[in-house]
Amino acid sequence: MEKIPLNKEQIGRVKSTAADIAGQIREMIRTYSTVCVERTLLRLYGVDGVVDDETPVPNRVVDILVEENRIDSGVTRALAAVMIKTGRDAKTVAELIARRRIPLEDPASYDMERIMAVEQELARKAVDVLDHSRKRKQAAIDRWGLPVQPWKYMITATGNIYEDRTQARSAVYSGADIIAVIRSTAQSLLDYIPYGPTTEGFGGTYATQENFRIMRKALNEVSERQGRYVRLVNYASGLCMSEIAACAAFEDLDMLLNDSMYGILFRDINMMRTFIDQYVSRLICSRAKIIINTGEDNYLTTSDAMENAYSVTASQLINEAMAKDALLTDDLIGLGHAFEINPKIENAFLYEIAHAQLARQLFPNAPLKYMPPTKYKSTNIFYSHALDTMFNLASITTNQGIHLAGILTEAIHTPLMQDRYLSLQGIDYVFGLARGLGDEIAFKPDGLIVNRAKRVLDETEQLLDELKDIGLMEGVALGKFANIKRSRDGGKGLDGVFKKGPNYSNPVMDRIEREGVINA
Amino acid sequence: MPEQWIKPYGDTLNDGLVQLSFTLPVENGPRAIKAARIYAGKLNLKNVTVACAEAMDDAHTFFVAYGRAEPAIDYSEIRAEEATVEHMDFYEINDRIRKDLNRRICVVGATIGSDAHTVGIDAIMNMKGYNQDYGLERYPEIDAYNMGAQVTGEDLLKTAMDINADALLVSQTVTQKDAHLHNFTELMELLEAEQLRDRFLVIAGGPRITHELAIELGYDAGFGPGTLPSQVAAYIVTTLIKRRIMLNAKC
Ligand code: B12
């Protein structure tokens with residue numbers, strides 16, 4: 001396992017620095033909430049559906065709270081008061097409020113004990129949703145076991161959920177372990193989750209709860225036929241991060257792209273908004289046992305993989321620390337990285353091995369998410385297929401966890417059915433051919449690979465030390481990640497962040513935090 | 001066949017050999033293979049060989065086929081439009097701006113619509129540039145403003161007016177469902193509605209953009225994959241100089 005002799009003390013230091021950096025953000029998260037978090041609570045209380053102009057009920061209810069300047073107490077207390085007043089359930093009450101059939105009540109004019117009892121009941125039901133999902137997934141794993149790693153992860157992105165279903169079935173037939181439905185272009189900037197099944201998307205398919213359900217059902221059917229459990233993935237990062245996590249729990253998704261900074265860097269979403277939403281979404285993931293995937297691989301599309309490899313490692317450490325803050329355990333933390341070194345660099349493959357092995361050793365128990373080459377993919381599909389072959393070799397040699405399938409047409413379009421097939425065929429070929437290679441080889445103590453890994457770790461430590469001094473938010477503002485600069489007060493969604501008032505309540509978060517990590 | 005007439009070249013000149021791969025939504029088997037061969041025949045290929053037929057699932061088969069293409073075309077009649085760019089380097093370009101325009105040039109760039117891809121526009125504009133060719137921000141005689149991605153047409157136009165830009169550089173990467181055509185067209189319509197079309201050089205770029213396409217969309221020029229910043233700078237400078245000469249001639 002310890003192929004590269006890394007300095008154990010140094011590893012301890014970088015992990016503790018990363019925890020300090022995450023801790024600073026945690027302070028901020030404690031003080032604020034967001035409209036997205038409140039909508040998430042409503043969803044977990046069973047509120048769903050849309051009103052008149054396709055506005056989701058959770059959005060309308062939260063908008064009304066904002067209009068009436070009551071948002072600082074959160075949605076739960078207000079909802080509980082109306083539930084007591086009307087004697088009806090959360091879903092009905094929310095719908096009536098959304099249709100403006102009944103007004104909001106002032107919780108202060110109700111008996112606090114009764115309010116709290118209703119809140120506790122709501123929280124219990126919400127956490128039940130997450131526990132159910134956890135148990136259903138556990139049952140599937142108990143029945144079929146886990147596939148050997150690296151797990152083969154394949155995307156579909158037709159825009160039409162029914163077409164995606166056909167494509168997904170075919171990919172599973174060709175050997176995929178995991179199906180990820182890519183979201184439609186710019187869905188991450190919508191401040192609501194579209195409703196119902198969708199058939200029109202750009203470069204991806206809308207993430208809706210109904211689409212999740214359709215795909216989960218299809219995968220359950222192929223799982224039965226193939227006698228193995230096929231995992232389903234979607235994307236949480238965006239303005240609805242924690243709401244998507246709630247929908248994912250309802251529909252038994254197994255993984256979510258859930259990065260603490262992707263939305264900030266790549267979609268210009270406000271950083272406070274993102275940090276808060278990611279925390280709540282990760283609490284949900286931890287309880288429902290959804291594996292998170294982080295997005296460090298993307299940094300290497302806007303910045304150079306040799307020059308900035310350390311920014312990936314630093315971000316992995318921060319993402320890990322934030323994930324642990326949100327009660328995620330190692331087996332649920334799919335840290336991202338990528339095979340994106342310029343292929344014209346001599347010995348690029350050795351440096352790729354160094355990076356991948358470094359990640360493996362820093363996070364020995366995490367299902368690392370390894371991204372294939374994308375930036376240097378060529379429109380010459382035959383050349384691109386060769387790049388993927390080397391990527392497959394790096395992945396099996398360094399024993400990665402979640403292997404994103406490289407696609408020969410990456411530089412042209414979202415994959416065709418045959419592109420997936422060829423990709424999986426290439427993966428199976430290399431994985432079979434070199435399954436034991438990693439166990440057989442050792443690296444030259446003072447060779448290219450060992451030195452490169454050590455250097456990246458040194459540079460990582462420098463960056464983390466600096467971030468600890470200036471704070472993560474300032475670091476992002478200075479462009480420390482992906483060469484992209486984002487200011488603290490800039491970006492989309494800041495208007496949805498609010499300071500928690502003295503009467504703020506969030507019984508779901510409280511409960512999950514209080515009960516801690518739940519196993520089996 | 002006359003020399004200017006051409007056909008695909010496989011193993012010997014004019015053998016017309018082409019290779020294609022495709023999927024048919026049927027289960028693999030002799031019938032599927034025959035269907036693939038007949039289908040390739042309908043594409044007008046002769047001597048079709050279905051070299052590979054593999055089941056991707058129980059209802060889809062992947063084929064690799066070869067065939068001889070019949071038609072030949074007269075190459076002497078083919079014309080392709082490219083933005084006419086005089087080859088100039090960084091120093092020559094700055095020099096021409098100083099000497100022939102006698103003022104600094106101002107350009108604004110953005111990826112418009114919901115497209116979040118910035119690497120292309122950054123390659124053209126950022127200091128660092130692309131493939132060892134400096135980006136426009138590096139040019140002492142050019143003021144370059146890069147607005148990044150997901151910029152609305154309105155915002156781009158407003159900035160262009162505020163800084164009195166000479167040229168708009170517009171990037172589009174996502175082409176699914178013709179998203180790029182839609183966005184480019186919307187921007188052009190906005191420029192026309194505001195009667196500002198002639199005020200700026202409007203340049204389109206992206207991995208699926210050709211000069212021809214850009215002209216069709218009403219843009220002044222289009223640049224595709226592999227474009228270097230100096231080519232764009234050279235185009236802007238020479239076009240502005242030409243326009244000035246034309247303007248002077250009119251007075
Ligand atoms: C990097 C990348 C990303 C990064 C972008 C980071 C960033 N800040 O830019 C991330 C990971 C964020 C990303 C996200 C997505 N991506 Co993307 N991405 C790529 C990738 C891997 C490389 C693109 C790139 O950077 N090329 C390098 C640059 C230098 O090349 P270039 O853009 O062609 O630019 C050159 C020329 O075209 C020209 N040029 C470009 N613009 C301009 C402008 C002017 C004025 C001029 C003169 C010249 C010019 O000059 C440049 C230098 O020569 C491609 C795959 C590939 N290999 O092409 C997919 C790809 C472009 N992405 C794709 C998709 C679908 C997406 C998503 C929509 C996926 C989704 N559903 O969420 C999202 C985008 C969401 C959104 N709102 O847009 C598809 C597009 C399919 C299509 N044809 O429509 C591709 C082809 C991948 C695929 N096969 O599916 N992506």
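User: How do the residues of the lining of the largest cavity divide by class?
Analyst: They divide into 8 nonpolar, 4 polar and no charged. Here Ala, Val, Leu, Ile, Met, Phe, Trp, Tyr, Cys and Pro count as nonpolar, Asp, Glu, Lys and Arg as charged, and the others, Gly among them, as polar.

User: Before we go on, what sort of model is this?
Analyst: This is a predicted model, in which local features need pLDDT of at least 70, side-chain atom pairs count only at pLDDT 80 or more, and totals for chains, interfaces and linings use all residues. Residues are numbered from 1 along each chain as its sequence is written, chains are lettered from A and ligands numbered from 1 in the order in which they are written, and side-chain values use heavy atoms, with hydrogens and water left out.

User: Back to the cavity. How much space is in there?
Analyst: The largest cavity holds about 120 Å³. On a 1 Å grid over the protein atoms alone, a cavity is a set of points where a 1.4 Å probe fits but cannot get out, a pocket is an open set with protein on both sides within 12 Å along at least five of seven lines, and lining residues have an atom within 4 Å of a point. Grid points are joined across faces, edges and corners, and a volume is the space filled by probe spheres set on the points.

User: Which element gives the largest share of that lining?
Analyst: α13(A) does, with 4 residues. In chain A, α13 (309–325), β10 (336–338) and α14 (348–362) each supply at least two. The residues lining the cavity include L300(A), H337(A), H355(A) and V456(A). Helices (H or I, at least four residues) and strands (E, at least two) are DSSP runs, numbered from the N terminus.

User: How many cavities of 30 Å³ or more are there?
Analyst: The count is 6.

User: And the second largest pocket, what is its volume?
Analyst: About 440 Å³. It has 19 lining residues, and Q138(A), I141(A), K289(A), D331(A) and L332(A) are the closest to its centre. Helix α6 (residues 112–144) of chain A gives the largest share of this lining, 5 residues. By class, the pocket lining has 7 nonpolar, 5 polar and 7 charged residues.

User: New topic: how many residues are in contact between the chains?
Analyst: 21 residues of chain B are in contact (heavy atoms within 4.5 Å) with 31 residues of chain A.

User: What area is buried there?
Analyst: About 1900 Å², with 52% given by carbon and sulfur atoms. Buried area is the accessible area (1.4 Å probe) that two parts lose on being put together, summed over both. In chain B, M56(B), Q176(B) and K177(B) lose the most area to chain A, together 29% of what that side buries.

User: Which side chains meet in a salt bridge across it?
Analyst: R225(A) and D58(B), at 3.6 Å, N to O. The rule, a side-chain nitrogen of Lys or Arg within 4 Å of a carboxyl oxygen of Asp or Glu, finds 1 salt bridge across this interface. On the side of chain B that touches chain A, β2 (17–24), β3 (45–57) and β4 (60–69) of chain B each supply at least two residues.

User: How many salt bridges over all chains?
Analyst: 49 in the whole structure.

User: Where is the cis peptide bond?
Analyst: From Q149(A) to P150(A), with omega near -5°. P150(A) is in the loop between α6 and β4 (151–156) of chain A.
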